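Work through the exercises below with the coordinates open. Each task is followed by a stepwise solution.

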Amino acid sequence: MLDWLPKTPDANSDVLLSQRDDLGSFREAIRAWIAERLPADWLQRLRGADHETYVAFQKWWFAELSRVGLATPHWPTGAAGVALPLSGQIVIYEELARAGAPSPTLYAFSIYHVPATLLHAGTGEQRAKYLPGVRERGDVWCQGFSEPNAGSDLASLRTQAEKIDGGYRINGQKIWSSSGADADYCLLLARTDAAAPKHKGISYFILDMRSAGVDVRPIGQANGESEFNEIFLDDVFIPDAELIGKQGEGWGIAQATLAAERGIIIFELVERLRLAMDARLDEGLGAEPSWWRNGTRRHEFLSLYAEMRGIQRLIRQGMESEGDPLVASLVKVAYAELLQHYTDWVVRIGGLSAQVAEPLTLGTGRHGEMPMPDYLSSYIWTISGGTNEVLRNIIAERGLGLPRDPIKTP
Amino acid sequence: MIGQEEAIDLARGVADLVSDQFDSRALHAFVDSGALRSLRLSAMARELGCFALALPEALGGLGLGIADLVPTYQVLGVSMPPLPVLSSALAGDLLAQADADYWIAHLQDGEGFAVSLPPWSDLRLERGRDEGKLKGTLDFVLDGADARFLLARADSDSGPVWLALEVAAGGVTCARVPLIDETRNAARITLEDITISPRSIIAEGQSARQLDDRLAVHAALALAADSLGGARAILDKTIDYMKVREQFGRPIGSFQALKHRAANLHLKATVAQALLDEAVEAQRDGDLSAAMLAHLAFAQVADAYAAIAQDCLQLHGGIGFTRAHDAHIHLKRAKLNLALLGGTDAALEAAAHLVTR
């Protein structure tokens, strides 16, 4: 089904990373590598393709990126990464964006949240067992956090983890799990102590998705895709060795996971957005399309462009200052709002032609492919990873020191 | 002979009946099926006279004028049934104005009509001695995918001309345009040197210009009413949700930030309703400002629907993003409404040219 793709070499190659000290050469080498490996018509070929094809394609691309060290450039050397400095990462993302290369959406969780969690709180054995699996075998991970009754109020989660001989017995239900249907492993939060205060009774586990009792169901989404899933857990067994940190410490460790969602993952996306908006600016100046000649639309665009430039700088600064949670929350809210406003603007200038449904290319909602699916996909950012509402609370209370809402006794 | 009030109530009652048959479950089943119509619902609607509302009573309709139809459009904007009520009413009103008996008979028979909407496409009619030749493309005809007849507006050497033609006629190519909004359908209709008999010409010159303006006003008010119905529906649903959904040990509606947001949305919807009422009254009274107000109403209310639907989806959190929820259906309808008639830009420009105080 994907015979038009080149076969990925088995061995890793240093050909790109060996040039990382000279950004000019690094950039040229990456550009040449992408041109050589990625078929120019990949997007057209994947239009209307089914989920299975999307997954196979994502796995192929991720393997390609991994072979030359471009999949996890931000991983520290302790995780067999190269701890590429920010300047190097910018070059990589700029070149991928410039080439219109696929975003590894199937792997977003695997390359950001998983190392953030295991490097923060995993044992040496857990890191050795799982991190290479992502890089070398293309293991897919998903998140098992939210529940139908524990969305914004994640700490009220009710999935149970009962301590038994050799491990834990898990019962419950998770929802909004990206890539859940294709995941090999899951980062799972479950309650080990129902009597303890709610934040203190939660533990963090690595769940093998092939375990007995795990049932995954895709959820149809407004943007036409079904990236999110429900995960039903029925007497699932998790061995002791798969507990991350200590029992009851899950909530604290999960903050590291959540932080990944609000910082570094957005970095790549904003670099792509920068390129897309620069291209539109060039289009305006060059061909003077009707939206450029319409003063209102032109001004709206320039205002959005200004916003984007500010956010891009903020994220780059944030990356250098190592994950200040306030900056991460600001960045996430700012990016999500900008994305929604910009994609909405694109729908608007598209008029009736933007209202026509075309076959979707899965997982490319952020590629500027189709106005309405892109716009609808912006909700993935305003709602997941902490809704903009919750993040505003964090900004106001933890960032600005404003008093918490008084607790009403019902 | 029924009175005007009675006719308005009758029409709205018919819309209510149809809506009762098309509840949320039916809506989602329809949307997920990818079907063009619900045949059962269409048959019921036809029986109830849904597609003849704008025809004079003597011709089997309810004799409803543009302003009178607004409550019906608003009810249907709530339930969103896949019925060509708007297209039939636009056609009925145009044909009644033009006294086009031959074509009215087809409407009476329950045949589907589609009507080209502004901004006008490039259709060119070359007049001959008896017959004419028509060519051009209509990129986006609402309800065009299964219409049997088309009312189109062309340019000719003697000015604008309104024409009626059969979609199945030779030289007409009709291709369905799949929409993001799964509750409606559209088609691209290409006309290649169609022979136009005198019977097909339903208005020309000054009469045609009057129909242009009348259609623009009718469509503007209809889409404004549809938008308002939909906006109120999703807003009411959202407010109900905020009362029952609990997080952090309390209903999410108890958080002040969300309360303010709900209040703002309600304010927006309430003012939009009042503006529509203003425009409807001006239309009914034949005010000089009626056309201006109709275009302003479309611009403001269509915008309001999109803004309200957008925020209501967000207020539902994760479930708002699912296909199983109504929010995305409303949002997609709102966005299509905003793209029709040349959008708010065209509407506000039209209003600017019609300023009368």
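**Exercise 1. Is helix α7 of chain A enclosed or open, and which residues decide it?**

Step 1. Buried means under 20% relative accessible area, exposed over 50%, and partly exposed in between, with a 1.4 Å probe and protein chains only. Helices (H or I, at least four residues) and strands (E, at least two) are DSSP runs, numbered from the N terminus.

Step 2. Count. Nine of the 12 residues of α7(A) are buried, so this helix is largely enclosed by the rest of the structure.

Step 3. List the buried residues. They are A:G250, A:W251, A:I253, A:A254, A:A256, A:T257, A:L258, A:A260 and A:E261.

Step 4. Check the geometry. The helix covers residues 250–261 of chain A. From first C-alpha to last it reaches 17 Å, close to the 16 Å expected at 1.5 Å a residue. The expected span is 1.5 Å times one less than the number of residues.

Before going on, note the conventions. This is a predicted model, in which local features need pLDDT of at least 70, side-chain atom pairs count only at pLDDT 80 or more, and totals for chains, interfaces and linings use all residues. Residues are numbered from 1 along each chain as its sequence is written, chains are lettered from A and ligands numbered from 1 in the order in which they are written, and side-chain values use heavy atoms, with hydrogens and water left out.

**Exercise 2. Is B:V217 buried or exposed, and which residues does it touch?**

Step 1. Locate the residue. B:V217 belongs to helix α7 of chain B, residues 205–244.

Step 2. Read its area. The relative accessible area is 8%, so B:V217 is buried.

Step 3. List contacts beyond four places in sequence. B:V217 touches B:Q283, B:A291, B:A294 and B:H295.

Step 4. B:L117 is 100 residues away along the chain, and its C-alpha is 11 Å from that of B:V217.

**Exercise 3. What radius of gyration does each chain have, and what does the globule rule give?**

Step 1. State the rule. The radius is taken over C-alpha atoms, and the rule is 2.2 Å times the number of residues to the power 0.38.

Step 2. Apply it to chain A. For 410 residues a compact globule would be near 22 Å; chain A has 22 Å, which agrees.

Step 3. Apply it to chain B. For 357 residues the rule gives a value near 21 Å; chain B has 21 Å, which agrees.

Step 4. The C-alpha atoms of chain A fill a box of roughly 70 × 55 × 40 Å. The C-alpha trace of chain B spans about 80 × 50 × 40 Å.

Terms used
Contact means heavy atoms within 4.5 Å.
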